[in-house]
Amino acid sequence: MMLDRRDFVRRLLADRGDLLVVSGLGSATYDVAAAGDHPLNVYLWGAMGGTAMIGLGLALARPDRRVAVLTGDGDMLMGLGSLATIGVKQPTNLAIVVLDNAHYGETGMQPSHTRAGIDLVAAALACRFASARTVTQMEDAAEIRKLLHAGAGPLLISARIREENVPRVLPLRDGHAIKQRFIAALHVAGNQDRN
Amino acid sequence: MHSSERALPSLSDLETSWPEAIYAQFRRADIRQVGYVPDAGHSRLIALCQADPTIADVLLTTEEEGVGLVAGAALGGQRAALLMQSSGVGNCVNMFSLLCNCGIGCMILVTMRGEFGEFNQWQVPMGSITADVLRLAGFLTYRIEHAEDVEAVVGAGCDMAYDGDVQVAILLSQRLIGPKQWTK
């Protein structure tokens, strides 16, 4: 039984507090938007392969905050080397959730490498992630949500979601606006933490 | 004459200290993250950044990872710079769109290959288009031929990049870097 992606992401981001979220282009961005727009969301609409590294730069800049990267298997595969880069830096406040349907949903559901058994969890563990695991049951969502807020990173979760195209939920697309809104919200919420 | 008795090449302090001049500008501009793929031309600057506890040095597997790093750092309120060879510029092209789309200030220092005295012709095709690629990708692109220009150009570039949220690339010519540091 594979996960419903919208329901799973909604559960991960419930009562999110001051969690910082970076979403990979395509369906992951739509899923994060569908869970509720938030100024501490960085929605990507391009830069495929770069989502995890944006999470690393953010996690290093703000060690006082938790950073969650939510992205698809295609984006993670394009940035596979970034798992090694993250493994070197060992950011304890970074978690990556791969919404893995083993297909390229945006381009017509062509099979991805994970469809052929390429194992992102094993790759993350080989890259010295503190923890990595596969999730297939919706009842595990609450535990994964806790990991995003308090688990010792770097973490990678491969969430096996159903291979289906769900309706698009389109958030803010202007990159300047996304950046300015994020920085303003982070500054207000965390100003006293800056050195 | 025994090799150990051979006189060292006489280079002025200026010719050998340009990495220190770049590092001093990084400190002045409060750059807090530096991403790089190991590179002979940048080796001294990389070592200076690694030794500085106020700078997070991030070893990359490919240069395009660094573009994401810079964007994430900026979102978190930190300034980040990238060090790469001219070949690495070619690895970044699509990822550069992130910086343009979001108005992320970025400084890239590019050690040039494929030009002055290059022994390896495989470096020539990318080296010969590096400046044009950067300009097409939206970078203000400057080139340094002489060590005495490093401090002023890197300093001005940092101000433009991080005060103005623009993308600045500075090409360090192969003549400046010198053949001595390439050969091992």
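Helices α3(A) and α4(B) are oblique to each other, because they pack at an angle of about 40 degrees. Oblique here covers what is left once angles under 35 degrees count as roughly parallel, over 145 as roughly antiparallel and 65 to 115 as roughly perpendicular. The axes lie 6 Å apart. Axes are lines fitted to C-alpha atoms, for helices over the stretch in contact, and angles run from 0 to 180 degrees between N-to-C directions. Helices are DSSP runs of H or I with at least four residues, strands are E runs of at least two, and both are numbered from the N terminus.

A word on the source. This is a predicted model, where local features need pLDDT of at least 70, side-chain atom pairs count only at pLDDT 80 or more, and totals for chains, interfaces and linings use all residues. Residues are numbered from 1 along each chain as its sequence is written, and chains are lettered from A and ligands numbered from 1 in the order in which they are written.

Back to the helix pair. α3(A) spans residues 51–61. The crossing with α4(B) is right-handed, that is, the near helix is turned clockwise from the far one by less than a right angle. Who touches whom? On the α3(A) side, the residues include A:Met53, A:Ile54, A:Leu56 and A:Leu60. On the α4(B) side, B:Glu65, B:Leu69, B:Val70 and B:Leu75 are among them. Contact means C-beta atoms, placed from the backbone, within 7 Å. This contact divides into eleven nonpolar residues, four polar and one charged. For the classes: Ala, Val, Leu, Ile, Met, Phe, Trp, Tyr, Cys and Pro are nonpolar, Asp, Glu, Lys and Arg are charged, and the others, Gly among them, are polar.

Now the whole interface. Chain B gives 26 residues and chain A gives 26. On the chain B side, β2 (56–59), α4 (63–75) and α6 (96–102) each give two or more residues. Which element has the largest share of that side? α4(B), with nine residues. The chain B side holds 14 nonpolar residues, eleven polar and one charged.

α1(A) brings A:Phe8, A:Arg11 and A:Leu12. α7(A) brings A:Ala141, A:Ala142, A:Ile144, A:Arg145 and A:Leu148. That makes six nonpolar residues, no polar and two charged.

On to the sheets. Chain A has an open sheet of six strands, ordered β2-β1-β3-β4-β8-β7, with parallel pairing. Two strands pair if DSSP finds at least two bridges between them. β2 (41–43) and β7 (131–135) of chain A are the edge strands, each pairing on one side only. Neighbouring strands here are turned by 15 degrees on average, direction ignored. β1 (residues 20–23) and β3 (residues 67–72) of chain A pair over four bridges. A:Ser23 stands opposite A:Leu70.

Chain B also has a six-stranded open sheet, in the order β2-β1-β3-β4-β6-β5, with parallel pairing. Why is one side of β2 and of β5 (140–144) of chain B left without a neighbour? Each stands at an edge, so each has a single partner strand. β1 (residues 31–36) and β3 (residues 79–85) of chain B pair over five bridges. B:Gln33 has B:Ala80 as its bridge partner in β3(B).

Technical notes. Contact = placed C-beta atoms within 7 Å.
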